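Subject: Structure handover

Hello,

Here is the structure I said I would pass on.

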Amino acid sequence: MQSIEVDFEVYKQLTIRRATEQVSYNEVVRELLGLDVQVPRTPSQGSSSAADWVAKGVRFPAGTEFRAAYKGKQYFASVEGGALVLNGKSYETPSAAAMSIADSAVNGWGFWECRFPGQSSWKVIKTLRKE
């Protein structure tokens with residue numbers, strides 16, 4: 001995913017223009033530029049891709065971002081090439097990626113949050129699993 005740097009005043013103005021936290025900064029910029037606001041694709045919409053990652057029946061589209069906080073440090077991963085990639089290494093399960101950080105057994109489904117492409121909100125991934 002591409003990123004751009006902005007100064008604090010620009011960030012503040014973009015934040016003011018968000019009607020709710022569900023409105024992403026990307027949507028604010030698109031509106032300011034006069035571009036159509038895209039409808040975010042959720043895992044249940046659209047077709048799947050070979051680059052998507054499926055774990056325990058949950059499909060994470062390519063480009064899905066993951067984050068976790070552990071011992072005061074933030075960790076970031078993403079879905080690339082059909083796997084969860086953390087620090088350049090691919091993992092088959094969220095728990096395996098979490099254990100590489102914690103150096104002990106961890107339930108990755110409670111450890112990680114994700115944000116789907118085009119969305120602004122983060123979700124703990126265990127909330128996405130069917131009971």
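A helix here is a DSSP run of H or I of at least four residues, numbered from the N terminus. Helix α1, residues 8-16, contains Thr 15. Please keep in mind throughout that this is a predicted model.

Thr 15 is partly exposed, at a relative accessible area of 31%. Its C-alpha atom lies 8.6 Å from that of Val 28, a residue 13 positions away in sequence.

Overall fold

The protein chain has four helices and eight strands. In sequence order they run α-α-β-β-β-β-β-β-α-α-β-β. Of the 131 residues, 31% are buried. Taking the contacts with a separation of 6 or more, 39% are between residues 24 or more positions apart.

In soluble globular proteins, nonpolar side chains tend to be buried together. The largest nonpolar core in this model has 21 residues, and the members that touch the most others are Trp 53, Phe 60, Phe 66, Leu 86, Trp 112 and Ile 125. Two or more core residues come from each of β1 (53-55), β2, β3, β4 (73-80), β5 (83-86), α3 (94-102) and α4.

What does Phe 66 touch, once residues up to four places away in sequence are set aside? Its partners are Trp 53, Phe 60, Tyr 75, Phe 76, Ala 77, Val 79, Leu 84, Trp 112, Glu 113, Cys 114, Trp 122 and Ile 125.

Aromatic residues

The model contains nine aromatic pairs. One of them is formed by Tyr 70 and Phe 111, with 6.1 Å between the ring centres and 50° between the planes. Planes under 30 degrees apart would count as stacked and over 60 as edge-to-face, so this pair is classed as tilted. Tyr 70 is partly exposed at 23% relative accessible area, while Phe 111 is buried at 13%. The cut-off for buried is under 20%, so the two partners fall on either side of it.

Tyr 70 and Phe 111 also belong to one aromatic cluster, together with Trp 53, Phe 60, Phe 66, Trp 109, Trp 112 and Phe 116. Trp 109 has a charged group over its ring: the charged end of Arg 129 sits there, 4.7 Å from the ring centre.

Arg 59 is part of strand β2, residues 58-60. Is this arginine buried or exposed? Its relative accessible area is 14%, so Arg 59 counts as buried. The side chain of Arg 59 makes a polar contact of 2.8 Å with the side chain of Asp 52.

Asp 52 also gives a reference point for Thr 64: the two residues are 12 positions apart along the chain, and their C-alpha atoms are separated by 8.7 Å. Thr 64 is in the loop between β2 and β3. Its relative accessible area is 0%, so Thr 64 is buried although it is a loop residue. Apart from neighbours within four places in sequence, Thr 64 is in contact with Ala 77, Ser 78, Val 79, Cys 114, Arg 115, Phe 116 and Pro 117. The side chain of Thr 64 also reaches the backbone oxygen of Pro 61, at 2.6 Å.

Two positive phi angles

Which residues have a positive phi without being glycine? Asn 87 has a phi of about 50°, and Asp 103 has one of about 55°. Asn 87 is in the loop between β5 and β6 (89-91), and Asp 103 is in the loop between α3 and α4. Asn 87 is exposed, at 70% relative accessibility. Asp 103 is likewise exposed, with a relative accessible area of 70%.

Regards

Key
Residues numbered from 1 in each chain as written. Predicted model: local features only at pLDDT ≥ 70, side-chain atom pairs only at ≥ 80, totals over all residues. Heavy atoms only, no water. Phe/Tyr/Trp six-rings, centres within 6.5 Å; stacked < 30°, edge-to-face > 60°. Buried < 20%, exposed > 50% of the residue type's maximum accessible area, 1.4 Å probe, protein only. Lys NZ or Arg CZ within 6 Å of the ring centre and 35° of its normal. Contact = heavy atoms within 4.5 Å. Polar contact = N/O pair within 3.5 Å; in protein donor to acceptor, adjacent residues only side chain to side chain. Core = buried A, V, L, I, M, F, W, Y, C linked by side-chain atoms within 4.5 Å.
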